[in-house]
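Please walk through this structure with the sequence at hand.

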Amino acid sequence: MIPALSLGSLAFLNPWLLAALAALPILWWLLRATPPAPLRERFPGVAILLGVEPPEKTPKRTPWWLLALRILAAALLILAFAQPVLDPRPRLSEGGGPVVLVMDDGWASAPDWEARREAAREILAQAERAGRPAALIGLAEPPLSEGRLLVEPRAAADALGLLENLQPRPWASHREALASADLPPDSHVVWIHDGLDGPGAAEFAAQLAGVSARALGPLETARGLRAEPPGEEPGKLKLTALRAEASGPETRRILAWEAPDNAAPRPVASAQADFAAGATTASAEIEAPLDLLNRVAFLSLEEGRSAGGAALLDNRFKRKRVALVSGERAREDQPLLSGGYFLREALAPLAETQNVDLMTLTQADGAGLAAFDAVILVDVGAFAPSEAAALDAWVRQGGTLIRFAGPATLAAADDQSGFKTPDPLLPVRLRPGRRTLGGAMSWGEPQPIAPFDEVSPFFGLTPPADVLISRQILAEPDVDLPPKVWAGLADGSPLVTAERRGEGSVVFLHVSAEPSWSSLPLSGLFMEMLGRVLERAAAFDGRAAQSLASEAEALWTPVTLLDAWGLPRAADMAGDAAARPATGARLAENRPDHDAPPGVYARDGAQIALNLMAPGTSLAPLPALPANVVREPLGGAPERPLKPLLLTLALLLLAADALATLFVTGRLRLPARGAGGAALLALGLALSPGPGLAQSAAPESLDAAALARAEKAALEASFGYVLTGDSQLDEISRAGLYGLAQHLTARTSIEPGPPEGVDVERDELNVYPFLYWPITAGQEAPSSAAVARLNAYLRQGGMILFDTRDAHLAFDGRPTPGAEALRRVALGLDLPPLAPLDERHVLARSFFLLKDFPGRWDGGEVWVEAAPNAAELEDAEALGFSNDGVSPVIVGGRDWAGAWALRPSRDGWGPGDPVLPMPEGGERRRETAIRFGVNIAMYAYTGSYKSDQVHIPMLLERLGR
Amino acid sequence: MSEPRRPEAASAVPPGAQAARLRRDAEGAASALPPLLLAAERLASLVTGAHGRRRSGRGETFWQYRRALPGDALSDMDWRRSARADELYVRETEWEAAQTLWLWPDRSAAMRFRSKTAPATKAERAALLALALAALAARSGERFALLDPPLPPTSREPGLRRLALALAATDQETPPDYGAPPAAPLGRRARVVLFSDFFGPLEPLARRLASAAAQEAGGALVQILDPAEEAFPYRGRLLFESMGGLLNYEADRAESLDAAYRGRLAERRARLEDLARGAGWRLFLHRTDQSPAPLLLALHGALSAASHSWSAPR
């Protein structure tokens, strides 16, 4: 066989055909000599054409580009039939050294295990045909404890036999074992990897640099799944799906399975995790009723199952259902100080709590109790016999009873009459009387909690030093007391005692659930302690309720083990040497491996799940392989033959050649320009943005400008004047408010900013303490939207000073044009009844004491809201409509702005010079007008405060009395 | 030669079949005829009475008697008139001899060319114009004749029909590539209109014109061209062939020949112009995509003017 010609990643299977390329120049010459045949055209005018010498003497030859096209097509054809192959698969028939087949057979190989096995089989079969020895190495095999892995090639047929027995393992591959192994000389390494990074991966890859090697990897690595630790939201199971490559968006369905004892697991809920493009994690949530969630035994990805894509749930994931029974005396007045409230709040993130009373809970022999994992009795001192029996039976079946001390418990313990039976639901006998520490009558100080010792379920928690116990109920000293104590005070007296009863347990806290006895309920420790208790509620172990770390050498037995495909199996049925107990320390590492495969481990009834995807882990793609390693996808076409592509190209070129020939001989005319133009136009239309965009932006920018203005006004507290459209009048209004602001700054603590012109149709009104609105005869009624805004402004405490500036001078008693206009404006406004302003009104006293309220004119009345009577005011206040009696409008015709108007002084000092002369009354009246303006501003800012001040002497007098 | 064949044909073919063939041919000819005739007459009707007669009077033969002058031949005497008077009278027959309109629509293969944009072949257009001129002549009582196929001078409506039939008759044998007007005894002061593309050799034409001039025959040359023959819209590599395929010319880039062709065409037209002027004729240019009516008007005007000048006694 003629060996294939290999050029890097390109190889020719029929290289001898390439010799035909040498014939191309001949083809060139031949083609060049034969021009295309001319087109025959009947044309009578040929008679006069005879003898015409062609002006352009084009050689009767094929144009060079046409020639190049044909030569290229011919070259492509030759290349195509030489069978080029991209990324050629190395032929095992070449070379004679041993073939080392290395397989990642960890959990990540499980989803496409058959494809891997097929690929391995093919390689071994090739090796067998080539007569090369082969070695098969599964990387997930437990590594040797000492020494180095010995690679000893055997006959390929033996390796084939081994392959059939190879199964993926539910833990990660150990590449580090091979990274240090000696490869036989002249060996060809084939690594069927899972595409995931892991310990030793980089080292092993580096070792491949020197040898003939290729790596087969999946197009898509295995996905991981992690169940997040239970959060605070009830009824939700939070999950995180993981992937190694940050590729495009991807959606994975996750199934939640329940695993009944005697039946196959069945899915009970599902969720969907959406990887965003470029993300390696995707979160998902399963939201379901609590009892359904509590049945979920494990979760797995729907497709591409593996041990990493499955998560076993242990008791920590099950939210406990807790019944809260309160024996406290009803504290209707202070529900927030009740123990029940503290417990509810503390348990909210941990469990589902339900308030029940003892009688309903225990009726019908405690049928209602079965729904709960734990029952908390807050200060229940006495039980009916049936209640006690039901509770006791429930506890013996596995329930956890948590009790808190309190007055009632105390009373029961204090009973010395002997008529009552001792409380049967306590882990210890109680001493009568409570112990009070740090009170006025005691010597002792309030005691802190002693550090939890290692046998305590609370081990690992740190009692804060500021948690002090001032009162407690003491346990009767007893020989069996010490093992029952979970927590004690610094002086050794027990704080939490517990007793195992049957499958369940009784826990007693010697303090009350509310903070009157201790500050424990106020601390975070309270919650953590409750959590620890509840964690063991379903699998309580009174003797060894310790955390994993507390007893590192204790052995935990696997109950359920995951196989590599993420299916849980009972450990005794797994029939695997891996089903060996693991120490607590090993489990605490949270790193499943061959000595602690992923599964559920139990010890004395407590359970813990060990999952591959521990919190904080992430998947990473395999590091880059050395350049000499040929990478191939697993399963798919390993080689890419280029023949079809080249043939297609050659055919396309030949077609182009046909067209070009037609064009050259004039048999084909280019389409008219119009067509091209139309195409360009269509393209332009397609590319141009929609016409609506630019226009729709305009109103928004306007709003933004108005908003910016309003923001400025709000920050500076400036007055507003309503723009009338008459620029002269608007200028007077502006100058008037400017002058008023100058006087306010000089005389009061109000320092307004420069006045703002306001368009009631558009601008935000609410930022102005009051609006000055000069009314002209031509004033148009505001639009209904503006009226609505004005009404809202007035209702929210705004104030408008309407000024008709005509002193109400009218003939024949008819209203003036300004008054007519004001009526139009006020038509839709929500105005109160008005009354003439007199000197008893607050406006006359809010800063200066005034008797009259002139502007430039002094005629007509000034109107303000009529003083409401007390009953009306009360009603309004009750309804929340009251403006505290502050008039929303001041109506007059005295041209106040004209009197206030100032232009900035020339030297920059002082308030400035008046703009308009006072027609009568002179500067003295202007001063009064300014004082009225100051009063208006004060009134706008302080409302009726001054009117309340009026009553102060009387109030003081009353108080003195 | 054909006489002996006829009975054979009759014996070989049943009489009914022969009649049917005759009728079919006749119908074929007739079916082509009416549209052509109609079109020609419609065209001719556009020319209204522009042919002015110099005098009113009946007949073409008699114009006037005049007194015999010395030198008049005896045979010219009108003895009957002379017998009624003392003097001898001569019967003038001048009018009768003139004004036969000879038409020659070129029927060569080149005339059958028609490009894509043209509405008709050149031959069709030539036939139409010839027939229309004949119709005009017939209306004004003049005589007309065809040079090829030969049709003796005739007049009136029946003659027009015969002319139309002759023009519509399709030739069985392949015509020559380019035509030339045949020699014919035109008679003095005849008027001749030659319709052709004049792409053929010009020597025969020059000879005919010379002889026509010698016979004092006036007339016009109408060069009918296809639009393609004037615009030369050809591109690319082409092998131009004459209609019969006798002539060919290979062009590598036809578009580059544009200017040369136009120059040649203009040159030929100048040559035709010279020839026409030399014989006292006029040259008209016509393109098949143009309306024939203006040309007809111009032709008619030119012929009328010619008849004026020629009919005036010298």
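**Cores, sheet and chain contact**

In this predicted model, the largest nonpolar core has 88 residues, and the members that touch the most others are A:Leu101, A:Val102, A:Leu239, A:Ile254 and A:Leu299. Apart from neighbours within four places in sequence, A:Val102 is in contact with A:Ile137, A:Leu139, A:Leu178, A:Val189, A:Val190 and A:Trp191. Another core, of 74 residues, lies apart from the largest one, and B:Leu146, B:Val192, B:Val222 and B:Leu225 are among its residues.

Next comes a sheet in chain A. Seven strands of chain A form an open sheet in the order 17-16-18-19-26-25-24, and the pairing is mixed. At its edges are strand 17 (351-355) and strand 24 of chain A, each of which pairs on one side only. From one strand to the next the twist averages 15 degrees.

Both senses of pairing can be followed in this sheet. Strands of a sheet pair through backbone hydrogen bonds, either parallel or antiparallel. Strand 16 (residues 320-326) and strand 18 (residues 374-378) of chain A run parallel and are joined by five bridges. One residue to look for here is A:Ser326, whose bridge partner in strand 18 of chain A is A:Val378.

Two helices pack on the sheet. Helix 9 (residues 339-347) of chain A touches strand 16, strand 17, strand 18, strand 19 (400-405) and strand 26 (504-512) of chain A, and its direction makes about 170 degrees with that of strand 16 of chain A. Helix 11 (residues 385-396) of chain A touches strand 19, strand 25 and strand 26 of chain A, and its direction makes about 120 degrees with that of strand 26 of chain A.

The antiparallel case involves strand 24 (residues 485-488) and strand 25 (residues 494-501) of chain A, which pair over three bridges. Within this pair, A:Val485 stands opposite A:Thr497 of strand 25 of chain A. The two strands form a hairpin with five residues between them, and in the turn A:Gly492 has a positive phi of about 95 degrees.

The buried residues in helix 3 of chain A are A:Leu66, A:Arg70, A:Ala74, A:Leu76, A:Leu79 and A:Ala80. Just after helix 3 of chain A, A:Gln83 takes a positive phi of about 55 degrees.

Chain B has ten helices and ten strands. Of the 314 residues in chain B, 34% are buried. Among contacts in chain B with a separation of 6 or more, 72% are between residues 24 or more positions apart.

Strand 3 (residues 39-42) of chain A and strand 8 of chain B run parallel, joined by four bridges. There, A:Leu39 stands opposite B:Leu238 in strand 8 of chain B.

Methods:
Residues are numbered from 1 along each chain as its sequence is written. Chains are lettered from A and ligands numbered from 1 in the order in which they are written. This is a predicted model: local features need pLDDT of at least 70, side-chain atom pairs count only at pLDDT 80 or more; totals for chains, interfaces and linings use all residues. A nonpolar core is a set of buried Ala, Val, Leu, Ile, Met, Phe, Trp, Tyr and Cys residues joined through C-beta atoms within 7 Å. A residue is buried if 20 or more other C-beta atoms lie within 10 Å of its own, exposed if 12 or fewer, and partly exposed in between; C-beta atoms are placed from the backbone. Two residues are in contact if their C-beta atoms, placed from the backbone, lie within 7 Å. Two strands pair if DSSP finds at least two bridges between them. Axes are lines fitted to C-alpha atoms, for helices over the stretch in contact, and angles run from 0 to 180 degrees between N-to-C directions.
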